[in-house]
Amino acid sequence: MNNKIDIEFDKQHIWHPYTSMLAPIPAYPVASATGVKIRLEDGTELIDGMSSWWSVVHGYNHEKLNNALIEQTKSMSHVMFGGLTHQPAVTLCKKLIDITPIGLEHVFLADSGSVAVEVAMKMAIQCQLGRGFENRNKFIALTFGYHGDTFGAMSVCDPVNSMHSLYSDLMPKHFFIDAPNIKPNEPFDQNSLKQLKTTLENHSGQIAALILEPIVQGAGGMRFYHPEFLRQAKHLCQQHGVLLIADEIATGFGRTGKLFACEHAEITPDIMCLGKAITGGYMTLAATLCTEPVAKDISRCEAGVIMHGPTFMGNPLACAVANASLDLLAENNWQQQVANIEQQLTDGLAPCSKFESVADVRVFGAIGVVEMNNPVNVSEVQKAFIKRGVWVRPFGKNVYIMPPFVISQQELKQLIDAFIEVLPDF
Ligand code: PMP
């Protein structure tokens, strides 16, 4: 039997994220992945600089994660969550309540990040209804924000900069304020809160919640901002009866140097979304947590229940592997892993700032970003990276590294060296 991946079929019939059926860019056939290495069908080994979009923090094909899945299949792979429950879900929700900022007490298990955001938005609107506010159904969101690809989530992504401007006429109109421009290590400027203050003062009667990615804005621009903005934003929202939704889908589980990015500002949001690294990148799973007062107010609104319930809610396989991944995170001393990566990225990427093609170099936690002056040609730059044995997928002007936490110094050096060699030509 010929086991070769039919790449022509793939090209002609299968959508990949954000690709065209008229001019598809190549999708490289992967035979296997182990540790931090992705092995292509032709035998090429690539050091993974992407953690498969923030998710694979412990590396691929991890024995403990594999075993968690195998063991779980022996009792049940799935049962509906309507009217039934099981140990993997209960254990996971206990753990999540335990490790997230104090006060988050109720968990909704969703099946992807975008769905977790939809649920968070519904929670906020239902909570306001439960408090007797019929018109508080709008959101405040930040420019450069990114929250997912479903309609509710799209409506709070940056309306210009995001990939969703095509649908702008179809989406509800929310309030957008400028994302803070001050990096975490710069002196804070109170002026960055002015727009939020004015919007709250003028429109809070219409607003259910402020939604943001805490400290690190991911797919909308790979930007880092000052924790003081978040701290004061939480306070301002509270004064105006507006909830704060922290979308930690990308930032959660250690990536920024804290277990959750909200910890940089020492705040508890009213609602928090988690996803991506929750299963160590093994399966799709997400969670939306909220505080007790929010949960009670949701349950007081006319519907009396949270209006959401996906087929694969609380999937036991996903919960079991998430439990094993959270155990590994603690065992592996993630703080040290992330601190080491941060230091090496800071030192190693610094020379990029001298390249004529480069606008900015920034590092925060285990995330290193080189912002170019112009958008890069993704397929060309990827070819150059693959030649050097690394897997990096830029978008727009941003070329970035966010490796699995288990990457060795030598492997990370190979990734950084590839940046230094490739980027002057783009
Ligand atoms: N929120 C943020 C901050 C994200 O980075 C993403 C994914 N890029 C999402 C939400 C959506 O998650 P998913 O792709 O799992 O639907």
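Arg136 lies over the face of Phe133, 4.8 Å from the ring centre, and Arg223 lies over the face of Phe144 at 4.3 Å from the ring centre. A charge counts as sitting over a ring if NZ of Lys or CZ of Arg is within 6 Å of the ring centre and within 35 degrees of the ring normal.

A word on the model: it is predicted, so local features need pLDDT of at least 70 and side-chain atom pairs count only at pLDDT 80 or more, while totals for chains, interfaces and linings use all residues. Residues are numbered from 1 along each chain as its sequence is written, and side-chain values use heavy atoms, with hydrogens and water left out.

Now to the rings. The structure holds 7 aromatic pairs; rings of Phe, Tyr and Trp (its six-membered ring) pair if their centres lie within 6.5 Å, with planes under 30 degrees apart counted as stacked, over 60 as edge-to-face and the rest as tilted. Here are two of these pairs.

| Pair | Centre to centre | Angle between planes | Class |
|---|---|---|---|
| Phe151 and Tyr167 | 5.6 Å | 65 degrees | edge-to-face |
| Phe385 and Phe419 | 5.4 Å | 40 degrees | tilted |

Phe385 belongs to helix H12 and Phe419 to helix H13 (residues 409-422), so this pair ties together parts 34 residues apart in sequence. Helices (H or I, at least four residues) and strands (E, at least two) are DSSP runs, numbered from the N terminus. Phe385 is buried at 0% relative accessibility, and Phe419 is buried at 0% as well. Phe151, by contrast, is partly exposed at 44%, and Tyr167 is partly exposed at 33%. Buried means under 20% relative accessible area, exposed over 50%, and partly exposed in between (1.4 Å probe, protein chains only).

Next, the strands. An open sheet with mixed pairing has 4 strands in the order E1-E2-E3-E15. Its edge strands, E1 and E15 (390-391), each pair on one side only. Strand E3 (residues 45-48) pairs with E15 in the parallel sense over 2 bridges, and Asp48 stands opposite Trp391 in E15. Two strands pair if DSSP finds at least two bridges between them.

Of its 24 lining residues, the closest to the centre are His16, Ala27, Tyr28, Trp391 and Arg393. A pocket is an open set of points on a 1 Å grid over the protein atoms alone, where a 1.4 Å probe fits, with protein on both sides within 12 Å along at least five of seven lines; lining residues have an atom within 4 Å of a point.
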